[in-house]
Amino acid sequence: GDFKLTAWGFAERAIDPDGPDYFRRFRQGAEFDLPRITEWLRPAVVYEVDFTNTDFFGDFGEGGHLGRRNFENLFFALQHPDDPSKFRLLIGENTHILSREDNLSSGNLPTVNRSLILEEHGSVNSFGTQFGIQFQKALSDKLTVQLAALDNRGSLNPPDPRYDIGNSLSGKLVFTPINSDGRKLTLGAAIDHTRNIRDRTFTLATAIGAAPLGGVEATGNKLTGEADIAYTFPLAGRPVTIEAEALYSSFSGSDSDVGGGYVQGQFSLFDAPAIGDFDLFVRYDVVSLGINSVDGRATQQAVRAGVNYNLPRTNKLANLHVEYAHNTLSGPNAIVSNRRPADEFRVVLRASLQRYARH
């Protein structure tokens, strides 16, 4: 009983009324837990393959075989034998610890959608998959510390990989002071310093379709501060979750900076096997982007609303997500390239091997 295999897989197919349908996410992964080496430690190997941005069976490997760029996550870990959240030390390819959402296994589909500020940070390789060392330890039932030494410019995915571990240094504290009787409060705070970002632009993009709206150069050393909060509580006998995140980054080489965040509320209308699990959600996103060489700043906002429905008799493994976003943008011409971002609507069908839980 000391060998353990945990596999996951999921796909999100987006239906766009104004264009072709597409897979927003399509991934498969597994964790292989090996026999424990001490009472409190066991090694593990974890991988995840992203089918949306690679040709898994095609042209990344020489002669058409499996290649390095197929792996979104691939790492080796020493961890607690029964609960990796209590202790995990890993080396390899993995997501950044700075964001509460980014460091969760993407197979868990933790939130309705990512925020503008996080989507756009991906354009400067500040978030997302990186190569390096990460450490996580629960100091108590309420407090967890996370540390990482990574390389934001490298990893297995770019055409020219780099492995300068320590180019990006970050730390985060996660505090859960309440977790009982249907109530859970989680607080997080983090800081990240990433050096030598080159040839990058911080791109403003629409909330759902990621249509480009403008941007500024984002180079040099990046210093980022982040804070997040999530609170789940019962209301009229149904769970409600309110969450928010704020983030600010400055870039020394380009003398540019960006700040923003989101706030979101979700309310469960019903949850029963025969009729499904139905949530309403509404959220507000904002991003402010500036550079010293341009007078004024660009401000992008999005009001988003929709429904999220775990389909009946599917054990929360199949999901229907419907979302509308109203985008607005203002700012100087030197930053803004599209002053009339279109409103957006998407229907997303999701299938997963893990239950989709929102509260």
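Q: Which residues make the nonpolar surface patch?
A: Ile37, Phe76, Leu78, Leu89, Ile91, Ile133 and Ile165 make the patch, about 580 Å² of it. For a patch, residues need over 30% relative accessible area and no salt bridge, with like charges joined within 9 Å and nonpolar side chains (Val, Leu, Ile, Met, Phe, Trp, Tyr) within 5 Å. Areas are Shrake-Rupley values with a 1.4 Å probe, and for residues only the protein chains shown count as cover.

Q: Before we go on, what kind of model is this?
A: It's a predicted model, where local features need pLDDT of at least 70 and side-chain atom pairs count only at pLDDT 80 or more, while totals for chains, interfaces and linings use all residues. Numbering runs from 1 along each chain as its sequence is written, and side-chain values use heavy atoms, with hydrogens and water left out.

Q: OK, back to the patch. Which strands each supply at least two residues?
A: Strand E4 (71-79) and strand E5 (87-95). Strands here are DSSP runs of E with at least two residues, helices are runs of H or I with at least four, and both are numbered from the N terminus.

Q: And where does isoleucine 165 lie?
A: In the loop between strand E7 (143-151) and strand E8 (168-180). Isoleucine 165 has a relative accessible area of 38%, so it counts as partly exposed. The cut-offs are under 20% for buried and over 50% for exposed, with partly exposed in between (1.4 Å probe, protein chains only).

Q: Switching to charges: how many salt bridges does the structure hold?
A: There are 20, each being a side-chain nitrogen of Lys or Arg within 4 Å of a carboxyl oxygen of Asp or Glu. One of them pairs arginine 346 with aspartate 16, the closest N and O atoms being 3.3 Å apart. Arginine 346 is in strand E18 (residues 344-352) and aspartate 16 is in the loop between strand E1 (4-15) and strand E2 (22-33), so the bridge ties together parts 330 residues apart in sequence.

Q: Are those two buried or exposed?
A: Both arginine 346 and aspartate 16 are buried.

Q: What does aspartate 277 pair with?
A: Lysine 316, in a salt bridge with the closest N and O atoms 3.7 Å apart. Aspartate 277 is in strand E15 and lysine 316 is in the loop between strand E16 (298-310) and strand E17 (318-330), 39 residues apart. Aspartate 277 is buried at 7% relative accessible area, whereas lysine 316 is partly exposed at 27%.

Q: What about arginine 304 and glutamate 323?
A: Their side chains meet in a salt bridge, 2.8 Å from N to O. Arginine 304 is in strand E16 and glutamate 323 in strand E17, 19 residues apart. Arginine 304 is buried at 0%, and glutamate 323 is buried too, at 2%.

Q: Which residues do shared partners join into one network?
A: Asp271, Asp277, Asp279, Lys316 and Arg358, through salt bridges.

Q: And what does the side chain of aspartate 285 make a polar contact with?
A: The side chain of arginine 304, at 3.4 Å. A polar contact is a pair of N or O atoms within 3.5 Å; within protein, one must be able to donate a hydrogen and the other to accept it, and residues adjacent in sequence count only if both atoms are side-chain atoms. Aspartate 285 is in strand E15 (residues 276-291) and is buried, with 0% relative accessible area.

Q: Last one: how many helices and strands?
A: The chain has 1 helix and 18 strands, and buried residues make up 48% of its 359 residues.
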